[in-house]
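Here is a friendly note to read with the model open beside you. Take the points in order, and find each residue in the viewer as you go.

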Amino acid sequence: MNKVRIGFIGVGQIGKMHLDAYMNIPGAEVVAAADVNEVELNRVADMYNIPHRYTDFRKLLERDDIDAVDVCLHNNLHMPFTVAALEAGKNVYCEKPIAGSYIDGVKMLETAQKCKRKLSIQLATLFSGETRVAKKLIENDRLGNIYHARSTGFRRRGRPYVDGYGTEFFVKKETAGGGALFDMGVYHIAQILYLIGMPEVTRISGKIHQETDMDTARRAKSGYNVEELGLGLVKFEGGLTMDIIESWAMHLNTFEASYIAGSQGGIQFDPLTYHTAMDGMEMDATFRVDGICARWSDLVEDDEAYTSPQGHWVAALQGRVDLLPTADVALQTMLVSEGIYLSDHLGREVTPEEVMEKSKSNAVKI
C-alpha cells in the first residue's frame with residue numbers, strides 16, 4: 001500500500017498522543033510538523049524523526065507532497081486551521097471536539113464538501129471493542145425497538161490544570177469553548193449517537209454546574225469559566241430519548257455506565273453486558289470483547305481499519321475502506337452539547353433550530 005504522508009499542526013500534549021498512534025500504523029508517514037513553539041517543535045520532531053519543521057503552518061500547507069494534515073490544537077483553533085488546510089487541498093484529521101461551537105463545525109463540514117476533501121474527527125470511542133460488539137448486536141436486532149439511552153462520564157476530581165494536570169487553556173471558554181461536555185462528554189455522547197443511528201434531534205434541555213472547590217491560586221491564574229458538570233435530556237424524532245450526565249468533578253465514587261435500552265434487550269457498557277429475557281426469565285450476558293475482536297482481526301478483511309481512529313483514517317485515505325462519518329457524529333454531538341448550554345442560559349427546553357440560529361463562532365483568528 002502507498003504510504004499516507006501526513007503533516008502535523010500542533011505538537012503539544014494531544015499532538016504527542018496522535019504521533020504515538022501513527023508510529024504503530026505501517027501505512028502512515030509523518031513528514032512535517034508545525035508549531036509556534038520552535039524549541040518544543042524541534043524536540044518533538046527529533047523524538048519522532050520528523051524531517052521538516054515550520055513555525056509558520058502556512059509553509060507546511062504549501063507542500064505538495066502531503067496527503068493529510070492532523071490538527072492538534074485547542075478547540076477554538078480547530079475551525080480556522082482545518083478550513084485553511086482543506087482550502088490548501090489537504091484532507092484533514094482533527095482532534096475532538098469538532099470545534100469550539102456548532103456553527104464553526106458546520107463551516108468545517110461545508111468546506112470539506114466544497115473542496116472535495118475528507119474530514120475526520122478524533123472519536124476514539126467509536127473504535128473501541130465494546131462499541132464494535134454493541135453495534136453488531138444492534139445491527140442484528142438484538143435490542144428490538146430502541147427507545148432510551150444514557151450517556152455518562154465520571155471523574156471525581158479530574159478538571160484540567162486546576163486539579164493538577166494539563167494547561168489552563170482547557171478550562172477557559174476563550175480557547176476551549178466548553179468544559180466537561182466538550183472535553184470528555186464528546187466521547188460518550190458521540191458513542192451513543194453513533195450506535196442509535198444519529199436520529200434527528202427535536203428538543204434539548206439541560207443544566208450546567210460549577211460548584212466543587214478548587215485550588216484558589218490555580219483558579220485565579222487559569223481564569224476557569226467552564227462547567228464541571230453537564231446534564232441534559234435529548235428528544236429525537238420517533239420518541240427516542242437520551243439523558244446525559246458528564247462530570248469533571250463531583251463528591252461521589254462513580255456513575256452508572258452508559259446504556260441503550262430496547263424493547264427486546266438492553267446493553268450496558270464497562271463491561272459490555274447484554275440484558276434480555278428468555279422463556280419469560282430475565283437474563284444477563286457478558287461478552288469476551290478482547291477475544292471477539294482478536295478473532296475478527298483474523299477472519300475479517302481489513303478489520304484492523306476499524307480498531308483505532310488513526311488506523312481507520314489512514315485506511316480510508318488509502319482507499320481500502322469507506323470513511324466512517326465521524327465528522328457528522330461530532331457535529332451532532334456539538335449540537336446536543338451547545339443545546340445544553342443554551343437551555344441552561346434560557347432556562348427552558350430548546351429546539352435544534354434555536355441552537356443553530358444562536359450559535360456563534362468561537363474561532364480564534366489566524
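1. Let us start with a word you will need at once: buried means under 20% relative accessible area, exposed means over 50%, and partly exposed is in between (1.4 Å probe, protein chains only). Helices (H or I, at least four residues) and strands (E, at least two) are DSSP runs, numbered from the N terminus. In helix α2 (residues 38-47), the buried residues include Glu40, Leu41, Val44 and Ala45. They cover an arc of only 130° around the axis, so they sit on the same side of α2; this arc is that of the directions from the helix axis to the C-beta atoms.

2. Before going further, please note what you are looking at. This is a predicted model, in which local features need pLDDT of at least 70, side-chain atom pairs count only at pLDDT 80 or more, and totals for chains, interfaces and linings use all residues. Residues are numbered from 1 along each chain as its sequence is written, and side-chain values use heavy atoms, with hydrogens and water left out.

3. What covers the buried residues of α2? The cover includes α1 (13-23), β2 (28-34) and β3 (52-54). After α2 comes Asn49, whose phi is positive, near 55°.

4. Now step back to the whole chain. Its secondary structure comes to 13 helices and 14 strands. The radius of gyration is 21 Å, close to the 21 Å that the globule rule gives for 366 residues, so the chain is as compact as a globular protein of that length. That radius is taken over C-alpha atoms, and the rule is 2.2 Å times the number of residues to the power 0.38. Of the 366 residues, 56% count as buried.

5. Where do nonpolar residues gather? In soluble globular proteins, nonpolar side chains tend to be buried together. A nonpolar core is a set of buried Ala, Val, Leu, Ile, Met, Phe, Trp, Tyr and Cys residues joined through side-chain atoms within 4.5 Å. The largest one here has 78 residues, and those with the most contacts inside it are Ile98, Ile196, Met242, Ile260 and Ile267. Helix α12 gives the most to this core, with 10 residues. A second, separate core of 20 residues includes Ala28, Ala33, Ile50 and Cys72.

6. Have a look at Ser337, which is found in helix α12 (residues 326-346). Ser337 is buried, with a relative accessible area of 2%. Leaving aside neighbours within four places in sequence, Ser337 is in contact (heavy atoms within 4.5 Å) with Leu181, Phe182 and Ile189.

7. Two polar residues deserve a visit too. Gln310 lies in helix α11 (residues 309-317) and is buried, with a relative accessible area of 4%. Its side chain makes a polar contact with the side chain of Gln122 (3.2 Å). Such a contact is a pair of N or O atoms within 3.5 Å; within protein, one must be able to donate a hydrogen and the other to accept it, and residues adjacent in sequence count only if both atoms are side-chain atoms. Arg132, in helix α6 (residues 129-139), is buried at 15% relative accessible area, and a polar contact of 2.3 Å joins the side chains of Arg132 and Asp303.
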